[in-house]
Amino acid sequence: MKIAVLPGDGIGPEVTREALKVLDALALPQLTLFEGDVGGIAYKRHGHPLPAETLEMARAADAVLFGAVGDPECDTLPREHRPEQAILGLRSELGLFANLRPAAGFPGLEDLSPLKPELARGIDLLVVRELNGDVYFGDKGERDSAGGREGWDDMSYNEAEVRRIAHSAFRAAQKRRKKLTSVDKANVLETSRIWRETVIELAGEYPDVELDHMYVDNAAMQLVRSPGQFDVIVTGNLFGDILSDQASACVGSIGLLASASLGERTTEFGTFGLYEPIHGSAPDIAGQGKANPVAAILSLAMLLRHSLGRDADANRIERAVAASLSSEVRGADLGGSASTQEIGDAIVRHLQATA
Ligand code: ATP
Ligand code: MG
């Protein structure tokens, strides 16, 4: 089993270090770690935010554990040299088209949610967002018009693109509560009409999954009104960008949530993927030991589950995180005073207690 570890910038290295401590505590046999530069640090050391050797290292691995990229000192660089290009490059070069973002309420932390505690407690959903298509990648430009400069962005999805993300979502639903909500805007968009028809066609292959459809405006409303109704949500790149942030916000802290980006490539043990916290490099708190490493540690749990086929270890990590949070070892983002390292240590202790 090979993991490429790309800690990146800002709090990326701090939170990744804690995730590696947890990995170490699992004492997995035959595990090899490779570490590479990515983001601002890679630009400074190698002149490119995604050096060829980092990309090769990621390709050769069964999974990538990613920290965060972003560096205020790089803000004035031309776009292709900015740290953020590294994650976009990794996703497209590695063919990662499915972004999975679980959002679940943590017991005892309901008051962090902007929702009523009883609603927050009921959240246990997964947003599956398509990553490689939609309006982000269509033709775009600027032209003159009677109303002055006019910007345009081409939105498109073809059946093959919809099919592969829908398969990922159906399979994810099979492993959960077997309910899939496909979100679109089929009443006005042609892309959404193709999307919906294609998802419906596939449903026959997954008779055990209950499928429903929702317009995106309604889905946004339902997410805050009764989030407990959702199990898996599948949607396109643009709607997914918005809904996944909204779902995360419903749970509470940004320092707690993990994500996976998966493609079609399988490994000896599962599906190749890249795993990262949903938060960024947080330059405002970098180097101060204030970052919450839980999102990075839960990203490691997702890595073990999806790419290395180690469900039991993933479950153990998730239980240790929950136990640590309810024993009130909490960072500043959760109103506590524990440092990054103390939170990591506490999770390792809980992990060892359940060995
Ligand atoms: P980027 O451009 O890298 O995405 P950003 O500033 O847009 O960075 P984040 O890095 O996600 O977004 O940070 C948003 C806010 O959340 C910041 O105030 C940051 O300090 C806080 N934050 C982010 N991650 C954590 C964490 N793991 N623990 C505590 N606070 C965090
Ligand atoms: Mg950000």
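Where is the place of Gln-30, in a loop or elsewhere?

**View 1. Gln-30 and its loop.** Gln-30 sits in the loop between helix H1 (12–26) and strand E2 (32–35); helices (H or I, at least four residues) and strands (E, at least two) are DSSP runs numbered from the N terminus. This is a predicted model, where local features need pLDDT of at least 70, side-chain atom pairs count only at pLDDT 80 or more, and totals for chains, interfaces and linings use all residues. Residues are numbered from 1 along each chain as its sequence is written, while chains are lettered from A and ligands numbered from 1 in the order written. Gln-30 isn't a glycine, yet its phi is positive, about 50°. It is exposed, with 6 other C-beta atoms within 10 Å (20 or more means buried, 12 or fewer exposed, in between partly exposed, with C-beta atoms placed from the backbone).

**View 2. Ala-282, another positive phi.** Ala-282 has phi near 40° and lies in the loop between strand E12 (271–277) and H10. Ala-282 is buried, with 23 other C-beta atoms within 10 Å.

**View 3. H8 beside H9.** The axes of H8 (residues 216–225) and H9 (residues 237–251) come within 10 Å and cross at roughly 10°; axes are lines fitted to C-alpha atoms over the stretch in contact, with angles from 0 to 180 degrees between N-to-C directions. H8 and H9 are therefore roughly parallel (angles under 35 degrees; over 145 is roughly antiparallel, 65 to 115 roughly perpendicular, the rest oblique). Residues making the contact (C-beta atoms within 7 Å, placed from the backbone) include Ala-220 and Leu-223 of H8 and Leu-243 and Ala-247 of H9.

Terms used
Contact = placed C-beta atoms within 7 Å.
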